[in-house]
Amino acid sequence: QIPESVCSQSCGPGFQKVTQEGRPVCCFICVSCKERISNQTVVVLATFVKHRNNPIVKTNNQTLSFILLISLLLCFLCSLLFIGHPTTATCILQQVTFALVFTVTVSTILAKTITVILAFKAVKPGRTMRYLLLSGAFNSVIPICSLIQVVICGIWLGTSPPFIDIDSHYEPRNLIIVCNKGSVIAFFCVLGYLGFLALGSFTLAFLVRNLPVTFNEAKFLTFSMLVFCSVWITFLPVYHSTKGKVMLTVEVFSILASSAGLLDCIFGPKCYILLLRPNKNCLNNLEKNRRGSRGY
């Protein structure tokens with residue numbers, strides 16, 4: 001039999017390698033990683049479900065908030081597809097899942113921004129905006145934007161899908177099995193469309209950030225999309241300047257950083273009021289904010 005060139009057996013699912021001081025790199029111990037995985041997004045979703053009848057949750061559209069929380073949870077989970085030995089299935093799922101989940105997330109933020117605009121315009125009498133707000137027509141933004149990304153991904157998979165490849169340049173003495181994205185043009189078309197949605201959401205949120213509406217979350221949406229765009233704009237040059245495992249690490253870090261930025265910027269202030277400052281969510285405080293926004 002061919003001898004195995006390892007000191008320790010590979011760790012199973014749910015465990016990570018930890019090197020031992022003073023011993024070769026291939027000698028490691030397996031430590032459970034379940035305690036290191038954050039469940040912050042589950043916590044936030046549970047908080048919003050528990051307080052679903054609260055004004056701060058109801059006025060910011062419960063349905064869109066729950067869709068956004070679930071899609072953010074999937075954004076965090078999709079980073080797990082980049083871990084482990086590559087297969088044809090995981091190579092395809094890595095990029096397709098990333099593209100579709102983030103498209104749903106950004107299009108939901110776009111729908112929430114449109115909701116803020118319609119809510120302000122619907123206050124004025126004689127506006128057709130009131131009908132659009134009550135009918136929930138803005139919710140069609142999510143399936144329409146997602147369908148366009150599905151078409152782009154379909155063209156990608158139909159022409160030049162991702163496949164398993166061997167990288168012999170990053171470490172000349174080792175052959176590293178990696179996922180080749182196939183068509184680089186299709187990959188950047190996916191990123192470009194995602195960036196277009198993010199830029200549109202950021203622009204709309206920035207324009208309506210100072211609307212005098214109670215529980216106006218446009219400021220939070222603006223800052224969240226600023227963080228999101230900053231992460232992925234930084235990702236592009238760093239991604240091009242790296243190779244091998246470092247390139248994969250950069251992509252995973254960008255996924256986690258942008259997801260955490262959206263979660264903290266949009267839902268952090270709401271959870272702060274719901275859990276720590278419930279007195280700000282009472283009728284007297286609402287009337288005070290309303291009078292202050294009108295200038296008397």
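Mentor: The structure holds one salt bridge, a term for a side-chain nitrogen of Lys or Arg within 4 Å of a carboxyl oxygen of Asp or Glu. The partners are Glu-251 and Lys-181, whose closest N and O atoms are 3.5 Å apart. Glu-251 belongs to helix α9 and Lys-181 to the loop between β4 (176-180) and α7, so the pair ties together parts that are 70 residues apart in sequence. Helices (H or I, at least four residues) and strands (E, at least two) are DSSP runs, numbered from the N terminus.

The model is predicted: local features need pLDDT of at least 70, side-chain atom pairs count only at pLDDT 80 or more, and totals for chains, interfaces and linings use all residues. Residues are numbered from 1 along each chain as its sequence is written, and side-chain values use heavy atoms, with hydrogens and water left out.

Both partners count as buried: Glu-251 has a relative accessibility of 2%, and Lys-181 has 13%. Buried means under 20% relative accessible area, exposed over 50%, and partly exposed in between (1.4 Å probe, protein chains only).

Helix α9 spans residues 244-275 and also holds Ser-254, which is buried with a relative accessible area of 3%. A polar atom of the Ser-254 side chain lies 2.9 Å from the backbone oxygen of Val-250. Apart from neighbours within four places in sequence, Ser-254 is in contact (heavy atoms within 4.5 Å) with Val-231, Trp-232 and Phe-235.

Leaving out residues up to four places away in sequence, Phe-228 touches Phe-102, Val-106, Leu-194, Ala-198, Ser-258 and Leu-262.

Thr-103 is buried, at 0% relative accessible area, and its side chain makes a polar contact of 2.9 Å with the side chain of Gln-149. A polar contact is a pair of N or O atoms within 3.5 Å; within protein, one must be able to donate a hydrogen and the other to accept it, and residues adjacent in sequence count only if both atoms are side-chain atoms. Beyond four places in sequence, the residues that Thr-103 touches include Ser-146, Tyr-193 and Leu-194. The C-alpha atoms of Thr-103 and Ser-146 are 6.0 Å apart, although 43 residues separate the two along the chain.

As for the whole chain, it has ten helices and four strands, and 38% of its 296 residues count as buried. Among contacts with a separation of 6 or more, 65% join residues 24 or more positions apart.
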